[in-house]
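Dear colleague,

Please find below the structure that I am handing over to you, followed by a summary of what was found in it.

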Amino acid sequence: MSLLEINHMKKSFGEVEVLKDISMKVEEGEVFGIIGPSGSGKSTLLRCATGLETPDSGEIHYNGTFGLVFQNFNLFPHFSVLKNIVDAPLRVQKRNKEEVYKEARELLKKMGLADKENAYPFQLSGGQQQRVSIARALAMKPDILFFDEPTSALDPELTGEILKVIKDLAAEHMTMVIVTHEMNFAKNVSNHIIFMDGGVIALQGTPEEVFGSDNERMKEFLGKFAEN
């Protein structure tokens, strides 16, 4: 079953056409990777899909709800870790307080942060803050979880702990759409990958199909990653 379907979506900023006729489907239980060079439209695609930007044309159909994990965490600095997680389920979803707090503590335990519920964001490392932001998104019980470059604000040591959390979620068949510059991670965790270039989907398929492609632009892109 498709949880998200995008048909012929376009988006421009001024004279620059950032997305040119994008169509894609995300199936239930799928990990959908989005890769490509800077400026290819990856983050704009994700922002349009999640309502942070309004497409100029095209259709977006959801069969369920979604959550979003930002690259810069976006935690409320004046809220404790626990309050960051429970706030939206209580205020927006009007759910049972005991149930929400119980689930929030279970999520913190799952993220390896059971001892941090009373801490504030400034007291946490970047990796810990990102794990809190993932727990906060999961607390809303989304059908799809979007990640916008979830490790880009982290140093390499902390990147591994976030990638492990996402791999664990994938093992639980959480439907995820991940914009990432971590090529090995995209290859290992995704069921389906799109390679964006110049505002279009230049290539898509399984990780094996995309990373093993003879597409010259894809080979050039991977070559640049190999050089770094």
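In this predicted model, leucine 145 stands opposite methionine 176 in S7. The two strands concerned, S6 (residues 144–148) and S7 (residues 175–179), pair in the parallel sense over five bridges.

Both strands belong to an open sheet of six strands with mixed pairing, in the order S5-S6-S7-S3-S8-S9. At the edges stand S5 (66–69) and S9 (200–205), each with a single partner strand, so one side of each has no neighbour in the sheet. From one strand to the next, the twist averages 15°.

Two helices deserve mention with the sheet. Helix H4 (residues 126–138) packs on the sheet and touches S5 and S6, its direction making about 170° with that of S5. Helix H5 (residues 156–171) lies across S3 (31–35), S6 and S7, and runs at about 150° to S7.

The buried residues of H5 are Leu158, Thr159, Ile162, Leu163, Val165, Ile166, Leu169 and Ala170. Seen down the helix axis, these residues fall within an arc of 155°, and they therefore line one face of H5. Their packing partners are S3, helix H3 (97–110), H4, S6, S7 and helix H6 (183–189). The face turned away from the buried side carries the exposed residues Glu157, Lys164 and Ala171. Just after H5, histidine 173 takes a positive phi of about 65°.

Finally, an unreviewed UniProt entry places the feature "domain: ABC transporter" at residues 4–223. Over those residues the chain is 37% helix and 27% strand.

Yours sincerely

Methods:
Residues numbered from 1 in each chain as written. Predicted model: local features only at pLDDT ≥ 70, side-chain atom pairs only at ≥ 80, totals over all residues. Heavy atoms only, no water. Pairing = 2+ DSSP bridges. Helix = DSSP H or I, 4+ residues; strand = E, 2+ residues; numbered from the N terminus. Axes fitted to C-alpha atoms, helices over the stretch in contact; angles between N-to-C directions. Contact = heavy atoms within 4.5 Å. UniProt positions renumbered as here; feature names shortened; annotations may be inferred. Buried < 20%, exposed > 50% of the residue type's maximum accessible area, 1.4 Å probe, protein only. Arc of directions from axis to C-beta.
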